[in-house]
Amino acid sequence: MESVLGRYRNLIVLVGVLFLQVLALAVQVKRTTENEPTRLIRIWTVSTVTPLEKGLVSIQSGVRNLWHNYFFLRGVRAENRELKQEIERLRLQQVRLSEDAEQARRLQTLLAFKEQFISKTVAAQVIGSSGSEQSRSIYIDKGAHDGIAPDMAVITADGIVGKVMRVFRSTSLVLLIDDQTSGVGAILAKSRLQGVLHGRPSGEVVLEKIMNDEPVQAGEPVLTSGGDQIFPKGLPVGTVSKASKGSESFLDIRVRPAANLSKLEEVLVIAQKEERAPSLSQTAPVRAVDVLAGRLPSVPDKPATEDANKTGTTANSNQTTPQTVGTRPAKTPAVGSTAPQSAQGSAELTPKPTPTNAAPNKSVGNASPSSNQSVLPAPPSPSNNTTPSNRLLSRKPTTSAAPNNAANGMPSAAKPDQRKPDQPKQDQPGQDQTPSEDKPQ
Amino acid sequence: MPITYTSGEQVEVYRFSVPATILIPLIALFLQAWLPLGLHFFSIFDLPLLVTIAFAMARRGQISGLLTGAVIGLLQDSLTHHPIGVFGIAKTVVGYGASSLGVKLDVENVGTRFLVTLLFYVVHETVYFMVARGLVGLKLEWSWPHELWSALANALVGVALFAVLDKFKQRT
């Protein structure tokens, strides 16, 4: 017996070691639950490897920042100029979208619709990966100490990245959406078809459970549906790159992720979500004219005495301005077809950007003047030597077509409000009617 | 003394110092986890596997080979989100096989190293595939072109890595 054991000792050890591992594997597979405790060997390995990764990533980013922020600044001015133009364009776009959003919120309020909001995020740096093609996951430098918990969503500005799988003391393992074991509730933006997003062993991302007879086009955006209870609804997932008939009754839809999963550096972990019904007072509709007014060059203030005189002489012209009163005065045309004469008359006003005149048209259910002011820069004060158009634009006129004009790239401020900004509106509910100092008595 | 083909009596057995035994696998694991962040294609390489083969062939002991493979594999499993043991089993088999073969081959030869690495990469992937599909239930896709290209790439890197690891070898 001893000779047999001695002769086949190596083979017996091999079989023993393999048997133990298979046994351990079987136990783990059987025990895989949501609350599975982290194995000690994982903690040891991660604790050994991740500090090195953290150190190297920090050195790497330090050197890169030094180079990019201090030495390699070529083209920064041009880029800055382009970015400013982009901001202007986006602000105008925001005006148009905010109107749509406001409408949606009103409807949601009517339906007592509850929505999920991201109320807290934690920024994290990617420090490592699993190192295996079969396990598409990354390590981030934030862990339990930073408030990270399993099943938190991980995103970038471009789109979703994955979810937190395991949490260690100062690091976390994030399962990417292109892993085959991941699953994300997704919805096609145009057709509103819902499916489940999976990764394939090859690394492709596919949208499943959409029937073969549904029309799905390449290029259609894919968003999170919120059905997985991990990702809030409406986050960008990617775009459909290819849609074809699948082997079963479902379409084979391939999705190109919006976030570049192979080159992740910084991510955001959604640490807290809040479910609340939207209220109308939460939003401050921004008008296109306000945006345009903020873009104009500022004009120096006039002396106070001159302001008072001017105001006194032009007050009457404003009193004749018709004001349509409705449930949403901001969208109501103040002067539908503004006559040039009256426009010029109102342009000679010297509105001081007091809280009263800063937001003369407070609509029902809309934001307060203060909140409006916090979004936009204060309009510059006009003076006598300004051109009529500039003088008009430097105020905050009320036009119903303002958002649409902004969207079309038209200067919406060409239709000014003929009412004096600091003049209280008697016929609007909820309006702050405190007279301003320069109002003629 | 030259090591000849199948000359069991003339086989030289090497060992590695304790720091090298601990640090080299750890560095391999660290590089395997860190390099794919910047170099995405690097995930086709399997540095822990190459270290396992190198250690097993140098030591030429089956038990030490399989134990080395088991430990390195389990550590590698710890970095993934899969159950621990998939890489462990695959590398245990590779460690045992490489050390068994190392006794019979001239492992100092570059060509031999290349072929052995090529062979054991395929063995490793096969065992991994079987365990992952059969025991864990992962839906893996076997692609011969991908596996062969990866095996070729790993064998090339393996030759270079073995030359580096030769510096740490000590004669028993």
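This report covers the make-up of two chains, the contact between them, and a few local features. The model is predicted.

**Overall make-up**

Chain A holds 11 helices and 12 strands. Chain B holds 6 helices and 2 strands. Along chain B, from the N terminus, the order is β-α-α-α-α-α-α-β.

| Chain | Residues | Buried residues | Share of contacts (residues at least 6 apart) that join residues at least 24 apart |
|---|---|---|---|
| Chain A | 441 residues | 36% buried | 67% of contacts |
| Chain B | 172 residues | 49% buried | 69% of contacts |

**Where the chains meet**

On the chain B side, 36 residues are in contact with 40 residues of chain A. Which elements of chain B give two or more residues to this side? They are helices H1 (18-38), H3 (62-79), H4 (86-104) and H5 (110-136) of chain B. By class, the side of chain B that touches chain A comprises 23 nonpolar, 11 polar and 2 charged residues.

**Helix H2 of chain B and the residue after it**

Helix H2 of chain B covers residues 47-59.

Arg60(B) follows H2(B) and has a positive phi near 60°. This residue lies in the loop between H2 and H3 of chain B. Is Arg60(B) buried or exposed? Arg60(B) counts as buried because it has 23 C-beta neighbours inside 10 Å, and the cut-off for burial is 20 or more.

Most residues other than glycine have a negative phi. Lys209(A) is not a glycine, yet its phi is positive, at about 70°. Arg60(B) is likewise not a glycine, and its phi is about 60°. Lys209(A) sits in the loop between strand E8 (205-208) and strand E9 (221-224) of chain A. Lys209(A) has 14 other C-beta atoms within 10 Å, so it is partly exposed. That class lies between the limit for exposed, 12 or fewer, and the limit for buried, 20 or more.

Strand E5 of chain A runs over residues 172-176. It is mostly covered: 5 of its 5 residues are buried. Ser172(A), Val174(A) and Leu176(A) point one way from E5(A). Leu173(A) and Leu175(A) point the other way. Both sets are buried.

Strand E2 (residues 137-140) of chain A runs antiparallel to E5(A), and 4 bridges join the two. Strand E4 (residues 160-167) of chain A also pairs with E5(A) in the antiparallel sense, over 5 bridges. E4(A) and E5(A) form a hairpin, with 4 residues between them.

Which residue of E5(A) stands opposite Tyr139(A)? It is Leu173(A). Leu173(A) is also the bridge partner of Arg166(A).

Methods
Residues are numbered from 1 along each chain as its sequence is written. Chains are lettered from A and ligands numbered from 1 in the order in which they are written. This is a predicted model: local features need pLDDT of at least 70, side-chain atom pairs count only at pLDDT 80 or more; totals for chains, interfaces and linings use all residues. The expected span of a helix is 1.5 Å times one less than its number of residues. Two residues are in contact if their C-beta atoms, placed from the backbone, lie within 7 Å. Ala, Val, Leu, Ile, Met, Phe, Trp, Tyr, Cys and Pro count as nonpolar, Asp, Glu, Lys and Arg as charged, and the others, Gly among them, as polar. Two strands pair if DSSP finds at least two bridges between them.
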